[in-house]
Each structure stands twice: as structure tokens, then as C-alpha cells.
Amino acid sequence: MKISWTLFSTRRCTAILCALALLALPRTSGAATPPARAPEAAPVILIQNATILTVSHGTIEHGSVLIKDGKIAEVGTSIKAPKDAQVFDAAGQYVIPGIVDCHSHIAVDGSVNEGSISVSSIVNIAEVLNPDDINIYRDLAGGVTVANVLHGSANSIGGQTVVIKLRWGQPAAKLPFEGALPGIKFALGENPKRSNFSIPGGTPRYPTTRMGVEETIRAAFTEARDYQQAWAEYDKRSAAGDKNAVAPRRDLRLDPLVEVLQGKRYVHAHCYREDEILMLLRVAKEFGFKVRTLQHVLEGYKVADEIAAAGAGASTFSDWWAYKVEAYDAIPYNAALMTHRGVIVSVNSDDAEEATHLNQEAAKTIKYGGLTHDEALKLVTINPAIQLGIDNRVGSIDVGKDADLVIYNHDPLSAYAVVQKTLIDGRVYFDRQRDISERAGLEKEKKALTAKEKKAGEKKPDATIEMGKRPGAKPDEKKSEDKPKPQGDAVTGGAL
Amino acid sequence: MKRLKWIELSVASTAAACSFFLGASAQAQTPTTYALTHAKIFTLAGAPIEDGTLVIRDGKIAAVGPNLEVPSGAQVIDAKGLQIYPGLFDPLTQMGLSEISAVNATVDSSETGAYNPDVVAATAVFPSSEHIPVTRAAGITEVLVAPGSGGFDFSGSRGVIGGQASAIHLAGWTINEMLIKRSVAMVLTWPTIQTASFDVATFSRKDKPFTEAKQDYEKQVNELTDYLDRARHYAQAMGHGGPSDFQRDVKLEALAPVVRGQLPLLIFADRARDIRNAVEYCDKQKLRMILAGGGEAYKVKDLLRSKGIPVILRPTLTLPEEEDDAYDSLLTQPAELAAAGVKFAFGSFDNSFARRLGQQAANAVAYGLPYEEALKAVTLYPAQILGVSDQVGTLETGKVANIIVTNGDPLELTTDVKFLFIKGQQTSLDNRHLRLYEKYSNRPKPTTGAN
């Protein structure tokens, strides 16, 4: 259970870490089917003859990228293939850095919301990573290499979050992005106030207003500050050899908030309206922490100067709007307008399907708000990497960075571009040609398994019940955490 | 530089807005004749015309071709360097029926109860919906508005017949001015064998055995058969006697054109099994069918082709139904259907995502659909499938002048619509989003700090 070590930096967390690790153990080790290929040692790869969109230093025509030990070893126009190198001839194709999705809910086992209480900082997404989630592969096939996997938005202060690499085929322990600072989800507005989610006859949960959301956060940080101080006093006394010093009772809810105050954990805050955005920036200032990213931030364009001044990042949708009142002033110009006002902006998915075409979503900012090709591409590469504090590792094609790369057959900022290969750490995790060539074999295998199952079912009549369960028919199927997508049944009204 | 372009565009659109609003008022005189000159014209009824002219008169396309004479009195728009296409047609929306989907008071899309053949979408289309101008700015000039029928009620049961879908232009002061055709199809949600459902009381998933789910399904189909039988008898009675001979029933009356084969059923189904069941059912009952959704239509493409069932496809931007389906199955499906000879159109199945219609079609091209087929699948084919191709869908003399003038491929993400005509009137590209953008682009630097 290596996954948890990077997430708990304070010694106070050691006990809970073990407890949770034990709980989580059967989940990963007990996976029924070992997932498909996990690539072996990183080969030496030369991608050549490609148009390379480096993001950091312009476009290189007929360029090459040399990959060694999972890292980018060389970028240029005349790189000779070393002996034993695999050569990908990418004539007419485009190479970009792997797409970083700053708001994702893939690879989460079960629900993303611990909705019972409005401060649920105790729970951690890192403990429920599911490496078999097919959406990891689908998003990989859309060029995504890194995802910020967030808790849901039912709580003013939600659960702890984790940044992962989409290493499909690897166990859960291998998914987290090594060294990436963990985060915590906050949420403002309609969702934490449960405007659209109340169960008829149920007791309302505090808060039910934006005023209450502010006070919920303030109350939690007031407690966290006292708690932090109590520990500081204890540490001081015990360091001075005071044998009578008694450690404060550990508070698992406050531990992550102390990390926020210490700058060891990023705040990713779901928000929509201009007033609540300013509210959170004000509260953060009061308690001396930074808001790392404002998520969704659909009215960010109204207070872009204030966001820029506070140094918060903004991670938004391309063109979603009108699915609830707080999204009625959403505009597709949001990303461009905030960019022009000096905010570091990313375009995120919040949805496994949307993530498969984030390159296209970024391209829309060229039309809506006039970003340049380079600026648009940054929205899904280096900017989200900066927002997640991992830009020293990913987000651009530079020597020394992780070889997380995507090869497209067309300019990626076009609706006609198709991902050909996705590499993470210099390994090919998605290859379109390979995927296509393996389909017939998989279909055959599936048919054989179905026939076997059917045969078994004929012997035991009860088994037909099991066969009726289909993975596609799950009503709780993970979709956008925030909005029922049109692929839901907008017209047939089936979206929950 | 790009921002400058928008300012230019906004000036143009403001001017266009004035002409539109004046145009629709009885007092104002607006041009009834336009000539769009020097454009590359994609009529979709023949080869593209280089350096062509399109003449609009009295709401209709009066002429289209190379070297045309500009009629006297026509307002001339020099479209040099630009391209002209039929306006895009979104064949499945709830435009005007639903404003903010989370706010019930703004939603009129699904009537309660299982059988509502008498309700008509056009009745509840709100002409001032903010979705209309936003959608129009993406080059969509007409849509089908369909009532829903699949809404789960609190007991978990689904509606069957939702009501009549209406085809509308995306401009007009009133629904009467917007109407293309009031009753285009009867919406039916095909019952499915549901082993899993969402239990609202406990907010959790509820499973039932397959055999039980199948019984529920068969019961629903039997009810439908019974309902259609009643409608058939009613239609016969209508044909044989005056109203005094039978008791009037507005629901059965609404179904009469369906059982007579005059009005098609627009049937929502996605799973291969459900599609197959629906097609076979309509075949047996001798009902005209349009398939809507078709998430797994590619798995039954031969059946669809052999029965001549057209499809309104749910967005290509959709994940596959099954975990082990190919990751791109919704993206390659249009190419497969086209190759198999199944007629289809792309639909947004939404309001706020309607502007992704072109993106959907382009994505299908990326995965093998011929470009011209994609273009027709958002213009001509929806018009044909919905039976209004005599009015819209191509740029041909005599058709309603629903036209877009663009600076590039209308399916590409970065293309701008420069001019738009609906019913031969130049129509505003202004919309809520552009207005908010302009307003906040002009916000001065705040004098007080953030906090």
C-alpha cells in the first residue's frame, strides 16, 4: 500500500494510515481479473518526423523526441536513433505533452460523495482507487495521462484528493503521481447547500445558504487552528523534556485542514458564482491559506482580477451552462477572459467522457475569446500541471521531464484529430492500431466465455439471474459528478 | 488580434439584431430580397459552387448558382472568402421546453403518466428562451422539439408515449412564426428490461431478478399493444361515422395518424436488444418508425437497413454502453451505419449542448465517416427523416432560406458563423453569452482589492 505514504506527511497520521491501508488491502489484491497489459521496463523510443507542440518553446516541424528511462532525453530536429531504439515514424502527425485533467472522478470505487456531513475531510479518495475502472483506459485513449481525482461536491469541505497517472494495467498502488501534493475538495453554492439534491421528507443538513457555507468553513478552520496550536504547544513542551506533556487527542477531520494551513495540501474548491468565489478568497486570507484552484468557477470571468490578485488557479468547463441556476451565467468565453486577465486557467472534464476530448474543448477558446493556438493548448497541459504543482515533471515537452506524450494524426486543436498513441513514463499505454488489431480476439474470447457461462447457467437455473446483471445498466454509473450530461437522457429524462 | 475580431463581429451582430427586431415588426420596412455574392456555396444538392451567388426573396431561396445577376433592390452581402451552407438542423432537442434543467419551474419537457399522445411540444416552446439565440449562434437554424417520455417517476416506472414532437425555426416572435410543422412524430420510449433501478426512497441502487424484470417489460409491451388496438378501433370509427357515433377521446384521436401510418413513431432505444424489439414490433404492427438514441444501432445495422428505419443518433460524444465495447464504438458507429446503408442524422438530445452538433459530426468524420455524409447528417438527412425536406435541408430554389455564412468548415470547432438567415431574414447572432462576455471584458480594473 505504497499509495498512502505520500499523502500523509505528518506523524500524527501514521495510525490511521495503517488502519486504512489494511482496509484497502483486499480490494486491490483481490481483483478478480488481472487488468490487461502492464508495460514492462521503459524502452528507448525515438519519435521522429512529427510536428512537435512543445508548449514551452514553440512548435518544431519535422521534429523528434528521444525517450530514455521514461524521461524525455532529447528534443530537436536531427536526433539519430540510438541502437536498440524503437522508432515511431510520425510523419504528418502531431506530438503534444500528455493531457492533464484537473478535475476527474475516474478510477473511484463507488460513490464520490460522502454526503452525510458538510465537513467530510476525514475521507480520502486515495483509499478507494480502482485500477480496473475502464474509464482509465478510455481517457487514456483520449490523450489524458494525469488526472486530479477529486471527492464530490456535496460538502463545504469535502474529502481528500489524489493526483494519478493513468497507468492502465498497473495496480492501485502504482496510480498516484509520485510526490504530487495531495489536495482536498471544497465546494460552495448549490451543491453543499443541497439545493438540488434533497430527499423528499428528509431533514435538511446545515448549511442551506451560502452564508452558512462560509461559516461552516470558518468554523472548521477555527477548530483546525486551535488544534494546530495545541499540537505546537505539546511539541514544544515535549521537546523541552516536559514529562507531563500530554498529546492532544488526534482529530482525523482536522489533520488535513492543518496540512492546508501548513501549505502541505492543496485546496481545490468547486464554485460557480462570483460572490462565493470572493467569499472563499476572503476566508482563505483570514486563515492564512491559499486556494490552489477554483474548480468550475463558471462566473470566474466576472471577478478575474480578484482571482488573479489572490494567485488562485481557475479550472473550468469549455461550454457547459444552464443545468442549474448558478450555471445560467456560464459563458464559453470564461477561460479566455480569465486568461487575458492574468489567471492561470485550465479546462477540465469532471466527466469520464468529456475527458476523452479535452483537446477539442481547449480548442473552443480560440473561437470563444480569441486565445492563440499555444494559449489554448496550455489549458490542458502546462496550466493544469502548474495548478497541481507538477509542472517540473509534466505539462510540456522538455528534456528531463517525464515522457508523457500523445501522438495525434492531425492538429490536436481540431475536431478531426484522433489519438494514435499515448505514452506515460516513456511506455506506450495506449496504441490505437494495437487496440483495433486485438478486437477480434477479444470478441472471440468474450463469446467463448459467454457460451461457457450460458452452459453453466443451464445446469443451475439460478445463474440466469446473474446473467441479467449487465455492467452497462448500472443506474449509479459514474457520470459527471456535477451535471447530468446530454448522453444521459436529457430528452428521455432519465438522468438522475 | 483575435479579440479585435470579436469586437468587429459584435458590431455586425448588433446591426443584425436591429434589423432582425425591426424586421419582425409590422411597422418597419426590411429588405425582402438579399443577394449573397462571391461565396463558395455548398448547396448539398450538387457540387459546391465556387464564386457563387445566392438570392433570397420573400423568405425563400429564389436562385443559386454562378454568374447570377443581382436583382435590383436587393440588399447585397459580399461574401468573398466565405462559405454558404444550409443552416444546421438539430433533430432532437427540448429547445424552449427546458430552460434550467435543475429548476422544475422552468422545465416543461415530460408530462406525467405513461400515455400522453395528445400533448404537443410546440404548445410549450418559450420563444424567449436564452437557449435559442445561443444555439443559433452555432449555426443551427432549425430543430425538432421533442417531449420526453422516459422520465422516471417516484415509483420508478417510466412513461411510454410522451407526445408529439414539433419542428421549429430558431427565430420568430411567436411559436406561430417559428413553426415548420406542429406534429412531426409521436415520441415513444421503448420499455427496457430493467434489472437495476434507482430507489429514490433510499437513494440507492435496487436490483431485481432478470425473470421479474422481463415480466415487467412484457407487461408494458402488452399495455402498449392494447393502447394501439384501441386507437386502431377508434380510427376506424372516426373513418366510418360522425362524432356523434362515438365518444370523443383526444388521446386516441391523437394516435389515429400513427396507427394509419401517417405519423411516424420516434422511438427511444439504445441497447441492441431494445432496438431489435422495437423494430420487430413496429414491423408487425405496421407502424412507421424513426429510431432515436441508437447507442448500439451498429450492432443491428443490417436489420435497420433491411427495414428502412432511419436513426437520430445520440451524441457521438458518449461512452459505450458496455465495459468491454470498443472505446470508440460511438465514434465509429456513424461510419459503420453509412457503409451499411442506414440513414441517420446527428442529434444533440439537449439544449445547452446543442451547439456541439457540428463537433459531433466532425468527430464521426475523424473516425471514418465521409465528410459529405457528416454534413448531410446535420442538414439534409434530419429534414428527410422528419419529413420536412421539401422546406429545409439544402440550398435549392423554392426552399425556405435557412442559411449560414461561415469563415470555414461549419463542423470545425474554431469556425465562426458570420451571417445567418432564417426564413429569409437576416437574424441576429447576438446572445446571452456574447453579451456577458462583452460586459465583463469591459469591466475596469477593480479599485478595491479582492479581499
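Does C102(A) count as buried or exposed? In this predicted model, C102(A) has a relative accessibility of 0% and therefore counts as buried, since the cut-off for that class is under 20%. By the distance rule applied to cysteine sulfur atoms, zero disulfides are counted over all chains. C102(A) is accordingly in no disulfide, and the nearest cysteine sulfur, which belongs to C271(A), is 12 Å away.

The overall composition of the two chains was examined next. Chain A has 496 residues, of which 58% count as buried, and its secondary structure comes to twelve helices and 16 strands. Chain B has 451 residues, of which 57% count as buried, and contains twelve helices and 18 strands. When contacts between residues at least 6 apart in sequence are considered, 71% of those in chain A join residues at least 24 apart, and the corresponding figure for chain B is 68%. The accessible surface of chain A comes to about 18900 Å², with 53% belonging to carbon and sulfur atoms, while that of chain B comes to about 17800 Å², with 51% belonging to carbon and sulfur atoms.

In soluble globular proteins, nonpolar side chains tend to be buried together. In the present model the largest nonpolar core holds 184 residues, and the members that touch the most other members are F186(A), F221(A), F289(A) and V291(A) together with W190(B), L304(B) and F346(B). The element that gives the most to this core is helix α4 of chain B (residues 210–240), with nine residues. Another core, of 23 residues, lies apart from it and includes F89(B), A167(B), I180(B) and V388(B). For V291(A), when residues up to four places away in sequence are not counted, the residues touched are V267(A), A269(A), L280(A), L281(A), A284(A), G311(A), A312(A) and G313(A).

Helix α3 of chain A, spanning residues 210–239, has 30 residues and reaches 43 Å from its first C-alpha to its last, close to the 44 Å expected at 1.5 Å a residue. At the N-terminal end, α3(A) is capped by T209(A), a side-chain oxygen of which lies 3.3 Å from the backbone nitrogen of M211(A). The buried residues of this helix include R210(A) and E214(A) as well as V213(A), I217(A), F221(A), Y227(A), W231(A) and Y234(A); of these, F221(A) is also listed among the core members that touch the most others. An α-helix has 3.6 residues a turn, so residues three or four places apart point the same way. The buried residues of α3(A) pack against two strands, β8 (157–165) and β9 (183–187), and two helices, α4 (255–261) and α5 (274–287), of chain A. After the helix comes G241(A), whose phi is positive, near 85°.

In chain B, helix α6 (residues 272–285) has 14 residues, and the distance from its first C-alpha to its last is 20 Å, close to the 20 Å expected at 1.5 Å a residue. Its buried residues are A272(B), D274(B), I275(B), A278(B), V279(B), Y281(B), C282(B) and Q285(B), with C282(B) at a relative accessible area of 2%. The cover over these residues includes α4, β12 (265–269), β13 (289–293) and α7 (301–307) of chain B. Just after α6(B), a positive phi of about 55° is taken by K286(B).

Two loop residues of chain B were examined in more detail. K399(B), in the loop between α11 (380–385) and β16, has a relative accessible area of 9% and is therefore buried, the cut-off being under 20%. A polar atom of the K399(B) side chain lies 2.8 Å from the backbone oxygen of S389(B), and the residues that K399(B) touches, not counting those up to four places away in sequence, include G59(B), K60(B), I61(B), S389(B) and D390(B).

D409(B) lies in the loop between β16 (403–406) and β17 (417–422). The side chain of D409(B) makes a polar contact of 2.5 Å with the side chain of Y416(A), and a polar contact of 2.6 Å joins the side chains of D409(B) and Y371(B). With residues up to four places away in sequence left out, D409(B) touches Y416(A), Q83(B), Y85(B), Y371(B) and T415(B). Along the chain, D409(B) and G358(B) are 51 residues apart, and their C-alpha atoms are separated by 9.4 Å.

Definitions and conventions. Residues are numbered from 1 along each chain as its sequence is written. Chains are lettered from A and ligands numbered from 1 in the order in which they are written. This is a predicted model: local features need pLDDT of at least 70, side-chain atom pairs count only at pLDDT 80 or more; totals for chains, interfaces and linings use all residues. Side-chain values use heavy atoms; hydrogens and water are left out. A nonpolar core is a set of buried Ala, Val, Leu, Ile, Met, Phe, Trp, Tyr and Cys residues joined through side-chain atoms within 4.5 Å. Buried means under 20% relative accessible area, exposed over 50%, partly exposed in between (1.4 Å probe, protein chains only). Helices (H or I, at least four residues) and strands (E, at least two) are DSSP runs, numbered from the N terminus. Contact means heavy atoms within 4.5 Å. The expected span of a helix is 1.5 Å times one less than its number of residues. A polar contact is a pair of N or O atoms within 3.5 Å; within protein, one must be able to donate a hydrogen and the other to accept it, and residues adjacent in sequence count only if both atoms are side-chain atoms. Accessible areas come from the Shrake-Rupley method with a 1.4 Å probe; for residues, only the protein chains shown count as cover. A disulfide is a pair of cysteine sulfur atoms within 2.5 Å.
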